[in-house]
Amino acid sequence: MTEHNEESRRLEDRLSRLPGEIAPARDLWPQIDARIRAGEDRPRTPARRYSWRHFAVAASVALIGVFVAALNYRDGGQPPAGGTVAHTVPAASTFGPGHVLGSDYQAARAGLADDLEQRLQALPPETRQTVLDNLATIRHAADEINAALGKDPANVLLQHQLLAAYQDELTVLANLQRAMERLPPRNEI
Amino acid sequence: MKECADGDDHARVTAAIAGDTEAFEALYRRYAARIHALCLRMTGSRGAAEDCVQETFVRAWQNLDRFEGRSGFGTWLHRIAVNTVLVWQRSESRRPSGHLAAVDGESTDPWGADPHAVDAGLDLELERAIASLPEGARNVLVLHAVGGFSHEETAALLGVAIGTSKAQLHRARRLLEERLG
């Protein structure tokens with residue numbers, strides 16, 4: 001116990017001696033200066049402007065997640081009989097020139113979207129509309145973040161958020177595709 | 001948090017609100033190292049820390065007219081910095097691990113090849129142990145035990161309950177004691 005107290009005291013002592021200031025390895029002011037001069041009308045931060053969209057994206061992902069879970073539940077959680085997952089989500093996305101997504105990513109996205117388009121026909125109209133509406137919300141959010149990036153291309157957080165939005169979309173598309181493969185053709189329902 | 005009271009801040013903020021970028025640069029020069037230390041320890045990445053520092057000051061500039069002076073400018077700036085880092089952490093948690101380091105060409109150890117760190121007499125063993133902590137525990141430790149924020153302030157900054165802040169601090173200390181042997 002005493003030994004433990006001694007250890008704790010030593011740790012406290014070391015923590016208290018850590019410097020509260022560590023200068024960045026390079027002067028960051030020139031970039032900050034350039035960014036604030038570029039926006040002299042002092043616009044509100046883009047993050048605030050589109051923050052509601054993140055909630056919308058989160059809600060859409062959650063809703064589609066519930067939908068996929070419901071399909072799985074209905075299917076008894078069995079693996080697809082004979083079905084194969086035609087596309088997989090790339091492990092990492094990359095930026096191309098001008099923040100255009102890398103070609104691998106675009107190809108995977110286009111493939112999943114085409115495949116989904118056909119499979120969606122197997123769904124009842126209301127369910128299909130719900131899925132499409134929620135995908136549209138995610139895509140709209142990505143478009144908005146992209147537009148904000150156009151005005152503030154150096155904004156690293158916007159870049160991260162754009163990637164996250166695209167990854168959300170791909171994840172949803174891939175999950176939906178897997179779930180659809182478990183569905184019997186519509187004429188069998 | 002112990003605020004470094006300085007009437008100059010008030011004058012500089014007032015001038016900056018009127019569009020004086022030199023006054024804002026003076027504020028940057030005064031607080032950059034402090035904000036950078038916080039961001040570096042919370043992100044565990046030199047590149048991300050620099051991005052967050054930059055973003056913090058740009059956001060501060062954009063929102064200067066919202067600074068009401070109820071707290072010190074430094075405290076207000078820390079709040080923006082913590083929010084910026086939390087947004088970064090959320091974005092990062094959704095990306096494949098190691099992606100940022102690969103993009104930045106940075107090693108996974110932010111203290112790895114920094115000659116300044118040794119010159120500055122940093123406790124590198126402790127800094128590395130802090131960087132290895134789970135995010136929640138690390139955030140609380142950095143704000144409370146290193147940054148000097150109270151549990152109430154830490155909880156408010158991180159958007160967690162005070163009890164969570166205390167529990168995470170306990171966890172952080174326990175893990176550090178284990179790792180530092």
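**Helix packing, interface and burial**

Me: Is the crossing in which α2(B) passes α4(B) left-handed or right-handed?
Reply: This is a predicted model, in which local features need pLDDT of at least 70, side-chain atom pairs count only at pLDDT 80 or more, and totals for chains, interfaces and linings use all residues. Residues are numbered from 1 along each chain as its sequence is written, with chains lettered from A and ligands numbered from 1 in the order written. A crossing is left-handed if the near helix is turned anticlockwise from the far one by less than a right angle, and right-handed if clockwise. The crossing of α2(B) past α4(B) is right-handed.

Me: At what angle do the axes of α2(B) and α4(B) cross?
Reply: Axes are lines fitted to C-alpha atoms, for helices over the stretch in contact, with angles from 0 to 180 degrees between N-to-C directions. Helix α2 spans residues 21-43 of chain B, and helix α4 spans residues 73-93 of chain B. Their axes come within 10 Å. The crossing angle is roughly 35°.

Me: How many nonpolar residues does the contact of α2(B) with α4(B) have?
Reply: Contact means C-beta atoms, placed from the backbone, within 7 Å. On α2(B) the residues include B:L27, B:Y31 and B:I35, and they meet a set on α4(B) that includes B:L77, B:A81 and B:W88. Ala, Val, Leu, Ile, Met, Phe, Trp, Tyr, Cys and Pro count as nonpolar, Asp, Glu, Lys and Arg as charged, and the others, Gly among them, as polar. The contact has three polar residues, no charged ones, and a nonpolar count of 11.

Me: How many helices does chain B have?
Reply: Helices (H or I, at least four residues) and strands (E, at least two) are DSSP runs, numbered from the N terminus. Chain A comes to seven helices and zero strands. Chain B also has zero strands. Its helix count is 10.

Me: What share of the residues in chain B is buried?
Reply: A residue is buried with 20 or more other C-beta atoms within 10 Å of its own, exposed with 12 or fewer, and partly exposed in between; C-beta atoms are placed from the backbone. In chain A, 22% of 189 residues are buried. In chain B, with 181 residues, the share is 42%.

Me: Which elements give two or more residues to the side of chain A that touches chain B?
Reply: The two chains meet through 36 residues of chain A and 39 of chain B. The chain A side has 20 nonpolar, seven polar and nine charged residues. The elements are α1 (2-16), α2 (29-38) and α7 (156-181) of chain A.

Me: Which residues of chain A does B:V58 touch?
Reply: B:V58 sits in helix α3 (residues 46-62) of chain B. Its 24 C-beta neighbours inside 10 Å make B:V58 buried. Leaving out residues up to four places away in sequence, B:V58 touches A:I32, A:R35 and A:I36.

Me: Within what arc do the buried residues of α10(B) fall?
Reply: The buried residues are B:S165, B:Q168, B:A172 and B:L176. They line one face of the helix, because their directions, seen down the axis of α10(B), lie within an arc of 70°.

Me: Which exposed residues sit on the face of α10(B) turned away from its buried side?
Reply: The buried residues are covered by elements including α1 of chain A and α7 (124-131), α8 (135-146) and α9 (151-158) of chain B. The face turned away carries exposed B:G163, B:H170 and B:E178.

Notes:
The arc is that of the directions from the helix axis to the C-beta atoms.
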